[in-house]
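Here's a quick tour of a sheet and a charged patch. Have the sequence and the 3D view open as you read.

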Amino acid sequence: MVKIRLTRLGKHKAPFYRIVATDSRTKRDGGYVALIGTFEPNKGIAKINKSLAIQYLSNGAQPTETILAMFKEQGVWAEYLKTKKTNKKHVRKLSDKRIKAKKAIRTEKKALNAKKQSTVSTEKPVETAKVEEIKNS
């Protein structure tokens, strides 16, 4: 599984982190697949390549809790959710069309059944009326 997490660099008491996409089984400071951004905690500066982050998120990469908080702060998470929702809206439109078509078919069937029942219900009294006429005569 691909994770988006921090890799520590810098010297003692002067940390510097890279935001990377890496395999979850690699070491904290091991190799990585892609460099997404950097984070300097002493200065509070985070630089993130939003398009690359969204690409990895949409491909299934799981951010750590720290990275998720950073993404929410920087607005990356909101953009990712927008892209995710637009794809769902397209699917919803297709399914809504199918649902509407099925409902139309059902209403047509109900109308036909109602017509059949009305003709059947009107025929029965006519038949009973004929039988009553025969009995009376």
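Lys103 sits in helix H3, which covers residues 76-136; helices here are DSSP runs of H or I with at least four residues, strands are E runs of at least two, and both are numbered from the N terminus. Keep in mind that this is a predicted model, where local features need pLDDT of at least 70, side-chain atom pairs count only at pLDDT 80 or more, and totals for chains, interfaces and linings use all residues. Residues are numbered from 1 along each chain as its sequence is written, and side-chain values use heavy atoms, leaving out hydrogens and water.

Lys103 also belongs to a positive surface patch, along with Arg98, Lys100, Lys102, Arg106, Lys109 and Lys110. To join a patch, a residue needs over 30% relative accessible area and no salt bridge, with like charges joined within 9 Å.

The open sheet has 5 strands in the order E4-E3-E2-E1-E5, with mixed pairing. E4 and E5 (62-63) are at the edges with a single partner strand each, so one side of each has no neighbour in the sheet. Pairing takes at least two DSSP bridges between strands.

| Antiparallel pair | Bridges | Facing residues |
|---|---|---|
| E1 (residues 2-11) and E2 (residues 14-23) | 10 bridges | Leu9 and Phe16 |
| E3 (residues 34-40) and E4 | 4 bridges | Phe39 and Ala46 |

E3 and E4 make a hairpin with 4 residues between them, and Gly44 in the turn has a positive phi of about 75°.

Note on methods: Patches are made of residues with over 30% relative accessible area and no salt bridge: like charges are joined within 9 Å, nonpolar side chains (Val, Leu, Ile, Met, Phe, Trp, Tyr) within 5 Å. Accessible areas come from the Shrake-Rupley method with a 1.4 Å probe; for residues, only the protein chains shown count as cover. A salt bridge is a side-chain nitrogen of Lys or Arg within 4 Å of a carboxyl oxygen of Asp or Glu. Lys and Arg count as positive and Asp and Glu as negative; His and the chain ends are not counted. The place of a charge is taken as NZ of Lys, CZ of Arg, CG of Asp or CD of Glu.
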